[in-house]
Amino acid sequence: MSVDRSIETAAPLPRIWSILPSPEVMRTLGMAVLGLSLTLVLWQLIVTLFGVPSYLVPAPTDVAGALSRDLPLLLDAAVPTITEAFLGFLLGNTVALLVAVSFVYNKVVEEMFYPVAILIKTIPIVAIAPVLKIILGNGIEPKIVIAALICFFPTLVNSVRGFRSVNPQLLELMHVLSASKTEVFLRIRIYSALPYIFSALKISVTMCVLGAIVGEWIGSNQGIGYLLLQSMFDFNAPRLFATILTASVIAITGFAIVSMLEKWIIRWDPGAAM
Amino acid sequence: MNMMATMAAHPGDVGISQARNAIEIDNVAVTFGGSSRAVRAIDNVSLTVREGEFVSLIGHSGCGKSTLLRTIADIIAPTEGKVAIFGGTPSAARASRTFSMVFQQSVLMPWAKVIDNVRLPFEVGGANPKAGNFMDPYEALKLVELEGFEDALPSELSGGMRQRVSIARALVTRPKVLLMDEPFGALDELVRDTLNVELLRIWKQSGMTIVFVTHSLHEAVFLSQRVVVMSRRPSRIGGILEVDLPEERGLALKDAPELGHHVARLRDMLGAG
């Protein structure tokens, strides 16, 4: 039954998604929905047939119940988490881009500080979190910084590679045209780096949600991370699952927004040889 | 006709007999790498190109013909000797847009529309289209027969069309000298033939001086007034062939026996070099 219903809900999708109409996309989407529905059905069957208590593993119907019952609670918890993740995303990526630019234009800076960046990357984020709590307190700041830290490294590495991925002949052309370093950067390097930067942003947009949640675990009385811990202490497994689902919806939405931005900005074929 | 009028306004139209020297290469040598593993790419090359002349550089691959072109274009500085363009340094000529360069690849910005690619020489390097004697970018595209493709992206064009865009970008500053580094080497033969004929038309209209690097003997003979043969590394000038073919050259000439004779002589010179 639930398989049939999911196909019904998928049917009006072409009208809603008419901005990206390709039939392959529709097929991919349809298959994913089908797979997900089958998994849910299987999960429901196993839990029901084997009589697993819902405080251990809730059935999809239990989670759906919790989702509708606790919706105001979940939305309330989502607001601070989204705020922290978003600000961390902005902070981490801005700093990473600035550092990448300084690396590309100054070899000495790169030689000195790339190892530092790698060092920071090697420390597990859960180990840094308590330190940041001590330094920055219980407010929103440590969560933002943790989310930013987690975004920083992938964007740094990718954008350094991106800024360097310039077609060397384009650089020669710019030399023949007597272009300044700034002109080369603004007209060539940024565009060459954009595909690399976007693949980093797609990684970091999901990672920053994780960063915000870890930050909330260390010390918070609001947000998705707090609600996860609270539901665990209460043995409220359906709500725990509903909270996980909310976190994942936040991350997926972020990913979708970045992907759309990418499609909108990168209209050329980055792989094409000119 | 309109195009011809705008292009011919150029001082290059004076007869060859009274022409100035466009490029003077005086005892130029280029060495790559450090002192221990130095490789001498070209050695002791002297060559004078007159204003309005079409000269090809030809030689075995890796013989340093591109290196020589790059020293003229101020991309590589000669280790010894000097290059002068209309009496000035290559670097001054570069800053004043006296020459343009066309590469083997079209070297377009894939993110920019065709017209914006053609406009690039106006927008960087302190160029001022108002002050300079520059061409309208749309006019430049008309000259290479790409009207109607102004708003296309480079990826929407064929390889030959992309190379036309890069020629339009080179012409848009009305350079006195056009440096071309195997510009049609990556294209198939039919497209190459067409572009050869068009390049001759543009050269005639503009009175530009063209230095053209190629490894195709036929192409060199078909296009040039003189063909400079370069020997193997370290490269020197092995000989210069004066091409004795009519001024008006059409596609039919590509298969003419006179052209074949020239090619045979070039092949001899290459073997001897």
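1. Of the 274 residues in chain A, 32% count as buried. Here a residue is buried if 20 or more other C-beta atoms lie within 10 Å of its own, exposed if 12 or fewer, and partly exposed in between, with C-beta atoms placed from the backbone. Please keep in mind that this is a predicted model: local features need pLDDT of at least 70, side-chain atom pairs count only at pLDDT 80 or more, and totals for chains, interfaces and linings use all residues. Residues are numbered from 1 along each chain as its sequence is written, while chains are lettered from A and ligands numbered from 1 in the order in which they are written.

2. Now for the make-up of chain A. Its secondary structure comes to 12 helices and 0 strands; helices (H or I, at least four residues) and strands (E, at least two) are DSSP runs, numbered from the N terminus. Along the principal axes, the C-alpha atoms of chain A fill a box of roughly 75 × 55 × 30 Å. Among its contacts between residues at least 6 apart in sequence, 77% join residues at least 24 apart. Two residues are in contact if their C-beta atoms, placed from the backbone, lie within 7 Å.

3. Here is one residue of chain A to find on your screen: T83(A), in helix α5 (residues 71-105). Is T83(A) buried or partly exposed? T83(A) has 15 C-beta neighbours inside 10 Å, so it counts as partly exposed. The C-alpha atom of T83(A) is separated by 8.9 Å from that of I140(A), although the two residues are 57 apart along the chain.

4. Next, see where the two chains meet. The contact takes 18 residues from chain A and 22 residues from chain B. On the chain A side, the elements that give two or more residues are α9 (168-176) and α10 (181-218). The largest share of that side, 7 residues, comes from α9(A). By class, the side of chain A that touches chain B has 10 nonpolar, 4 polar and 4 charged residues. In this count, Ala, Val, Leu, Ile, Met, Phe, Trp, Tyr, Cys and Pro are nonpolar, Asp, Glu, Lys and Arg are charged, and the others, Gly among them, are polar.

5. 6 of the 6 residues of β3(B) are buried, so the strand is largely enclosed by the rest of the structure. F54(B), S56(B) and I58(B) point one way from β3(B), and V55(B), L57(B) and G59(B) point the other way. In a regular strand the side chains alternate between the two faces of the sheet.

6. Which strands pair with β3(B)? Two strands pair if DSSP finds at least two bridges between them. 5 bridges join β3(B) to β7 (residues 209-214) of chain B, in parallel, and S56(B) stands opposite F212(B) in β7(B). Another 5 bridges join β3(B) to β8 (residues 226-230) of chain B, also in parallel, with L57(B) opposite V228(B) in β8(B).

7. Chain B also has an open sheet of 3 strands with antiparallel pairing, in the order β2-β1-β4. β2 (39-50) and β4 (80-85) stand at the edges, each with a single partner strand, so one side of each is left without a neighbour in the sheet. Strand β1 (residues 21-32) and β2(B) pair over 8 bridges, and F32(B) has V39(B) as its bridge partner in β2(B).

8. Two helices of chain B are worth a look together. In α2 (residues 65-72), 8 of the 8 residues are buried, and α2(B) is followed by D74(B), whose phi is positive, near 65 degrees. In α4 (residues 114-123), the buried residues are V114(B), N117(B), V118(B), L120(B) and P121(B). Seen down the axis of α4(B), they fall within an arc of 125 degrees (taken from the directions from the helix axis to the C-beta atoms), so they line one face of the helix. Their cover includes α5 (137-143) and α6 (159-171) of chain B.

9. Last, the core. A nonpolar core is a set of buried Ala, Val, Leu, Ile, Met, Phe, Trp, Tyr and Cys residues joined through C-beta atoms within 7 Å. Of the 77 residues in the largest one, those that touch the most other members include I58(B) and V227(B). Leaving out residues up to four places away in sequence, V227(B) touches residues including S56(B), I58(B) and L266(B). A second, separate core of 49 residues includes L97(A), L132(A), L149(A) and L201(A).
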